[in-house]
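Good morning, and thank you for coming. I would like to take you through one protein model, beginning with a sheet and the helices around it.

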Amino acid sequence: MFKARLGVWLGVLVALVATQFAVVVWLVNQSELERSRSLRAKDALVQYIDLAANKQRLKVWFAQYLLTDEAPVPLRDGYLQRMQGSLSELERLHAEEAADPSASAIEKVSRETLDALHTNFQALQAQILQAQPHIPHPNPSTERAAVWDEMLGVFDISQGQDMRTLIKEAIRLQEAHSRATEAAAKIALERSRSLAIFSILSTILLSIGFVAYFAWDIRRRMAPLLDGTLALQAGRMDHRIATAAHGRDEFDRLSLSFNRMAEEIQLHRANEASQRQRLEDAVAQRTQALHEANEQLLEIDRSRRQFFANISHELRTPTTAILGESEITLRRSGHPEAFYRETLERVAAIARQLGARIAELMAVARQSEDKAIKAKPESLELIALPALLQQALAQQSAAATQQGHQLSLALPGDGLRLRGSAAKLGQALTILIDNAIRYTPAQGQIRIGAQRSDEDAQQLHIWVEDSGIGMAPQDLPRATERYWRSDAARKLRPDGMGLGLPIAEGIAESHGGHLQISCRPEGGCRVLLSLPLAANEPDEKKS
């Protein structure tokens, strides 16, 4: 019932609006037609003015040509091209004028003017193209005057018509036509505006009456629904709207649907809240996991880039040195055996240095395997501490003696043992002793020792002390950072990659220990390697 009444009123309103729209569209089309006529007349006027201006510029160019031979040909060609463009545009506008019956008088004058202008332009173009700078032209003043008079005849006269007067008349007619079409466009626009205002006002008044009636009726019928909505918003899910028994119209059916909706909301609201909370928790967990994974990937990528950059640098330098030594030796012949021996010794020294760099890089690449040792205790072995320390010291004694260093070893009295990889722990000790030798000036002192921890009897402290250059306190936190070296270390030993201490720290952590570096008050560094002692086991396991 309500929908039928609403449909009738809407039909009447739509029919009225459609009629008014059709009238307005017709008036707008008329206004657009008048506006196009005005624009066409203005365009024709502009083209006539441009044609006259370019013709005058061409006349000045020809005068310059007669007086000197410095007249630029591209300038002349540009004037001719613009004149040709103006005539072509006037032809197009004339064709549009011919299709408009209201402009027949202007069309006749324009056709005659265009024919005369075309004839004059062709004659002028043919004559002016003969003028070429740097080609001899009449020299005597009398001959130049004759040529100028002849060209003036071509510029200003065509088929007995004065082209200046013809163009001025055409400009005058176009100005009048432009004013007339502009006035007609304004009248058509004003007429369209007036009718549009009338249509809008009448539509507004009718719509106000239509809206007022139906707004009152809808507000009356929507009040119960609004009350029910406010009740649901306040959380009273048991609120229901009173309806007729069988639902007389749309509002009654809407009230029945509202009541069923309230029942569904009341039923699912609790489930929705719990599901939303579970979803939020899952999203937060996944977001945190993705963030951590992304940070790990970024760190891995940075380490990879730095790793390959150092590989390129560290391997290129000794390889280039070996190649240089070999090429220099091969280019020379007839030298004594001592010369070749010295060269081979230098190549061998560089090769050993290259091997050391490759060993460091491979140790970095195997860091993940080192960290996995702690997860596989059955693959570890019992290690006697004295033998481990003496072996590491023996490997570095030759290098220490070469630099005049004094090495000393302090062994604990009881037979302490470790559980782990003897090769890895020996590598870590070798790195620490080698660092002490490299960064201690000649005639230095290096001490190695081990003892139980005072705080934890199951913890072993292995320390390496030197009297070398030491480290600044602010540099200690970065000492085990990969590829990092202090300024003092770079100055004393330019070679090196900054991988020794990180490798030693990785080995210590894979055995459940840690590495600690400190500065000695008297100079030099003290590196403390803390490792867990092996638990007491039966003799068969110790053997």
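**A sheet, its helices and its core**

Let us begin with helix α10, which lies across β6, β7, β8 and β9 and runs at about 25° to β7. Please keep in mind that this is a predicted model.

What is the order of the strands in the open sheet? Its five strands follow the order β4-β6-β7-β9-β8, and their pairing is mixed. The edge strands are β4, residues 406-410, and β8, each of which pairs on one side only. On average, neighbouring strands here are turned by 15° against each other, direction ignored. Helix α9 also packs on this sheet, where it touches β4, β6 and β7, and its direction makes about 180° with that of β4.

Let us now turn to β9 and its partners. With β7, strand β9 pairs in the antiparallel sense over seven bridges. Within β9, L528 stands opposite W463, and L531 stands opposite L460. Strands β8 and β9 also run antiparallel, joined by six bridges. There, L515 has L529 of β9 as its bridge partner. The hairpin of β8 and β9 has five residues between the strands, and G523 takes a positive phi near 115° in it. Is β9 mostly covered or mostly open? Strand β9 is mostly covered, with six of its eight residues buried.

This brings us to the interior. In soluble globular proteins, nonpolar side chains tend to be buried together. The largest nonpolar core in this model has 40 residues, and those with the most contacts inside it are L385, L418, L432, L460, I462 and L529. Among the elements that give two or more residues to this core are α9, α10, β6, β7 and β9. Which element provides the largest share? That is α10, with eight residues.

Leaving out residues up to four places away in sequence, L418 touches E381, L382, I383, L385, L388, L425, L460, L531, P532, L533 and A534. Apart from this core lies another, of 30 residues, which include L58, F62, A116 and V154.

Let us return to α10 and consider I437, which is found in that helix. Why is I437 classed as buried? Its relative accessible area is 2%, and the class of buried residues covers values under 20%. Beyond its sequence neighbours up to four places away, I437 touches Q396, A399, A400, Q403, H405 and I446.

H405 itself has its place in the loop between α9 and β4. With 8% relative accessibility, H405 also counts as buried. Its side chain is joined to that of Q403 by a polar contact of 3.2 Å. Setting aside neighbours within four places in sequence, H405 is in contact with A400, I437, T440, P441, A442, Q443, G444 and I446.

Finally, a word on a helix from another part of the chain. Helix α2, residues 73-98, has 26 residues and reaches 37 Å from its first C-alpha to its last, close to the 38 Å expected at 1.5 Å a residue. Its buried residues include Y79, L80, M83, L87, L90 and L93, and also R76, H94 and E97.

Thank you for your attention.

Note on methods
Residues are numbered from 1 along each chain as its sequence is written. This is a predicted model: local features need pLDDT of at least 70, side-chain atom pairs count only at pLDDT 80 or more; totals for chains, interfaces and linings use all residues. Side-chain values use heavy atoms; hydrogens and water are left out. A nonpolar core is a set of buried Ala, Val, Leu, Ile, Met, Phe, Trp, Tyr and Cys residues joined through side-chain atoms within 4.5 Å. Buried means under 20% relative accessible area, exposed over 50%, partly exposed in between (1.4 Å probe, protein chains only). Helices (H or I, at least four residues) and strands (E, at least two) are DSSP runs, numbered from the N terminus. Contact means heavy atoms within 4.5 Å. The expected span of a helix is 1.5 Å times one less than its number of residues. Two strands pair if DSSP finds at least two bridges between them. Axes are lines fitted to C-alpha atoms, for helices over the stretch in contact, and angles run from 0 to 180 degrees between N-to-C directions. A polar contact is a pair of N or O atoms within 3.5 Å; within protein, one must be able to donate a hydrogen and the other to accept it, and residues adjacent in sequence count only if both atoms are side-chain atoms.
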